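I am opening a notebook page on this structure. The entries below record what I looked up, one element or residue at a time.

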Amino acid sequence: MKRTLTWGAALALTTCLAAAPASLASAAPQPSDPAPEAGQRTSAPGPRSSLRQGPTRERFYFVMADRFANGNPYNDTGGISGGPLRSGFDPTRKGFFHGGDLAGLIGKLDYIKGMGTTAIWLTPSFTNRPVQGPSGQESAGYHGYWVTDFTRIDPHFGTNAEMKRLIEQAHAKGMKVYFDIITNHTADVIGYQEGKYTYVPKASAPFRDAKGRAFDDRDYAGTSVFPALDAEKSFPYTPVFKNPGDATVKVPAWLNDPRMYHNRGDTTFEGENSLYGDFFGLDDLFTERPEVVDGMSEIYQAWIDLGIDGFRIDTTRHVNMEFWQQFGPRMMAHAAQSGKKDFFMFGEIADPDPLEMSRYSTRGRLPAALDFGFQRAAQKFVAGGQGKDLAAFYASDDLYTDADSNAYSLPTFVGNHDMGRLPFLLTQDEKIDKAALLPRVRLANSLMYLTRGQPIVYYGDEQGFIGTGNDQAARHDMFATRTKLYADEPTLIGPAGSRDRYDTNSELYRQIAELAALRQEHPALADGAQITRAAAGGLFAFSRVDAQQREYLVAVNSSTKPAAARVNTFNAKDTFAPIYGTGTALRTGADGTARVSVPPLSAVVYRASTPVDEAKNAPAVKLVNTWTSTSDGRLRVKAEVSANRYVQATFYARIAGEPTWRLLGTDDNAPYQVFDDVSTMRAGTRMEYRVVVQDESGRVRSSSTVTSVR
């Protein structure tokens, strides 16, 4: 039943006035503050800084190892003889192994670091089924998503010892190493005795226990118990190994038990089957089973022990939420126990809707989601989109705010190995002429590096690769290619042809390095509070405020003509010095406004000379009667606060009459709001909400109210 909160006839609304202690003098973000536990409770709700959980300042480089650099030609076939259809190695075909490996990555670490990279994200590196597919349609596991052995590096790439060496050498150069991991499927080893693969819904054929009794797996998901199953009785299809030799091919051994898979047929990526169906035949794990949760946790805890710094989690939205609610905290706890205080994970939720993505970092207890919403918004904006649409996108950031995460840690990107590169998307989706691509790609890089989130550069983008499609058509060789499709393709910069592409003087490489250096020198551009200032035509202007309460003013322009607007700042009669994109300083008036001008398809950045002005009076605040529920059962809790003030608003909730409060999260920009998950609360439960606001001077105000769940 959908439940919403309603205001009672008489609401208790109180405003508290208190002087803040000296320790609260700075209300700005404190990246070094320890992250609270999810749902942290306190008997005395007080002001907090907007959370910066673990890494919020990484700059990622996303690498497909097979296509990056071939440091050891002796492992090209992975030690497998018999030709391409056995080894998977054929550098002339875009869907086969091309020879890139860990040795090649180690040899190019200085090239990667030269762009200002702080973290390398690798596509899955575990041992894969070398070749899959029906006769005449075969392709290879060069991408890493067809795993048979989760404990060993694929021999096409190297060894576990080489991976450890890569991690150590990357660490020595100040870079982390992230794994792309898979938790819900393996290589295609299991077939069905019936010879059919169309998905069978649970309503048509429910799961059955070993005695043939029907049951709903959802009743057991997230618990430590599960009914005993029988491979011949429990599933709509009878699982069998396609090849007799595959009965023990998977590692760890528990993966060879066909009862650990859903066995319901192929997914169409819609509705129920998006959670239970096989991805293009790949064996879909029964992630509702505690054995699968435990087994996957043990696999990835071992890789943390090897030295891995974080995970990007594949196909997150195709796994039940109860799995993530256990897996995420386990990984974070194990990493912390291993001394990795900045261990970080982000899930792939291939949907641009912030409501959908944020479910996994709030209810799902993962630290962050890969920001597909940013990709969509950036693509539309640099193609000539409106500033108001970009402002509307960032207005959804509050959906991510909870006790232990928020939007500042979201990894952002503009193209990738699945959807394709940004230049291709701009020509395909936005109908941008190829001659007009380069300045728009430069603008996208600026937007990614100057706004909230952690930027990801997809390998080869810095060399101007365009791509001719998604998937295999976007997975170029950085070394001299032998694949005709890649060799013949024009680039944004430099000539086409088969040649090594590690030019550190290329225009885009230098631009990315410059933006990374700017972000490094001015951390506010990485994780300072982001406050929208103006959105008119193709102009979007915003402030970033750092931990010392120094304001930066940033403006981007998607138009092919100059754009200008008068914008608010927190500083009256102050000089804002230019630090990027312009050489002209700004001067604010007595009202704190300034006129900012931006050249076509460009970005400009200014820095205030003094900290944020202190207001004469404390801010006014009250919780407002505008409660609305999201479609997934989260309630918007909103506070009205004095306009154009630098404040931070921390929200709390408790069942009325209980002694402790539950921390909901802290918001550092208007509109001040959080979204409380009330989907499991019993109707009639009386709830009390409180907001505690702290301003630039450390002054604190609060407001509370009582209401009921219905």
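**Helix α7**

I listed the buried residues of α7 and found Pro290, Val292, Val293, Gly295, Met296, Ser297, Ile299, Tyr300, Gln301, Trp303 and Ile304. Buried here means under 20% relative accessible area, exposed over 50%, and partly exposed in between (1.4 Å probe, protein chains only). The model is predicted: local features need pLDDT of at least 70, side-chain atom pairs count only at pLDDT 80 or more, and totals for chains, interfaces and linings use all residues. Residues are numbered from 1 along each chain as its sequence is written, and side-chain values use heavy atoms, with hydrogens and water left out.

Helix α7 covers residues 290-306, and I noted a reach of 25 Å from its first C-alpha to its last, close to the expected 24 Å. The expected span is 1.5 Å times one less than the number of residues. Helices (H or I, at least four residues) and strands (E, at least two) are DSSP runs, numbered from the N terminus. Just after α7, I found glycine 307 with a positive phi of about 130°.

I then checked what the buried residues of α7 pack against: β6 (126-128), β9 (147-153), α5 (160-172), β10 (176-181), β15 (310-313) and α8 (321-337). Contact means heavy atoms within 4.5 Å.

**Cores**

The largest nonpolar core has 133 residues, and Met296, Tyr300 and Phe327 are among those with the most contacts inside it. I note that α13 gives the most to this core, with nine residues. A nonpolar core is a set of buried Ala, Val, Leu, Ile, Met, Phe, Trp, Tyr and Cys residues joined through side-chain atoms within 4.5 Å. Another core, of 21 residues, lies apart from it and includes Tyr672 and Tyr689.

**Arginine 452**

I located arginine 452 in the loop between α13 (437-450) and β18 (454-458). Is arginine 452 buried or exposed? It counts as buried because its relative accessibility is 1%. I found a polar contact between its side chain and that of aspartate 397, at 2.9 Å. Such a contact is a pair of N or O atoms within 3.5 Å; within protein, one must be able to donate a hydrogen and the other to accept it, and residues adjacent in sequence count only if both atoms are side-chain atoms.

**Strands β32 and β33**

I found β32 and β33 antiparallel, joined by nine bridges. Strands pair if DSSP finds at least two bridges between them. Glutamate 688 has valine 706 of β33 as its bridge partner. In β33 (residues 700-709), nine of the ten residues are buried.
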